[in-house]
Amino acid sequence: MKYYLILFISILFEIFATSMLKLSDGFTNLIPSIALVIGFGISFTLLIISLKFIPLSVAYSIWAGLGTAGTALVGMFLFNEILSGLNVFGLMIIIVGVVIMNLEKKSDNLSSSNAL
């Protein structure tokens with residue numbers, strides 16, 4: 001559970017850093033540019049730490065999927081971006097995919113523990 005918390009914090013830093021991409025205006029604004037480098041550095045470091053326990057395929061799908069959904073929400077609420085119905089549907093598919101990846105992991109753990 002500790003490693004999933006670390007992964008979640010990594011996702012928050014990834015969302016933060018991705019948001020700073022917009023504010024950096026092509027690396028022309030110094031503070032957001034520095035913030036995005038630091039944010040991605042922390043995000044990737046925490047992602048690497050979470051991989052000590054969480055399988056790569058599961059961790060990365062969670063990180064990328066929830067990061068994408070979170071960034072879309074930030075864009076909507078902070079940058080007044082508009083999500084179409086198709087965009088919302090796509091985000092729902094991503095979230096469902098993350099849930100399915102986690103279900104597969106749990107069923108693998110159950111079948112391997114039953115084999116013992």
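Helices here are DSSP runs of H or I with at least four residues, numbered from the N terminus. Hi everyone, let's start with where things come from. What you see is a predicted model, in which local features need pLDDT of at least 70 and side-chain atom pairs count only at pLDDT 80 or more, while totals for chains, interfaces and linings use all residues. Residues are numbered from 1 along each chain as its sequence is written, and side-chain values use heavy atoms, with hydrogens and water left out.

Let's begin with Glu14, which is found in helix α1. Glu14 is buried, and it has no salt bridge. Buried means under 20% relative accessible area, exposed means over 50%, and partly exposed is in between, using a 1.4 Å probe and protein chains only. A salt bridge needs a side-chain nitrogen of Lys or Arg within 4 Å of a carboxyl oxygen of Asp or Glu. For Glu14, the nearest side chain of opposite charge is Lys22, 16 Å away; in this scheme Lys and Arg count as positive, Asp and Glu as negative, and His and the chain ends are not counted.

What is Glu14 in contact with, leaving aside neighbours within four places in sequence? The answer is Phe40, Ser43, Trp63, Gly67 and Thr71, where contact means heavy atoms within 4.5 Å.

Now, which residue forms a salt bridge with Lys22? That partner is Glu81, with the closest N and O atoms 4.0 Å apart. Lys22 sits in helix α1 and Glu81 in the loop between α3 and α4 (85-115), so the pair ties together parts that are 59 residues apart in sequence. Glu81 itself is partly exposed, at 38% relative accessible area. The salt bridge count comes to one.

Also in helix α1, which spans residues 2-24, is Leu21. With 40% relative accessibility, Leu21 counts as partly exposed. Beyond residues up to four places away in sequence, Leu21 touches Leu36 and Phe40.

Finally, the cores. A nonpolar core is a set of buried Ala, Val, Leu, Ile, Met, Phe, Trp, Tyr and Cys residues joined through side-chain atoms within 4.5 Å. The largest one has eleven residues, including Leu7, Ile11, Ala59 and Trp63. Helices α1 and α3 (56-78) each supply at least two of its residues, and α3 gives the most, with five. Another core lies apart from it, with five residues, among them Ala17, Met20, Ala35 and Phe40.
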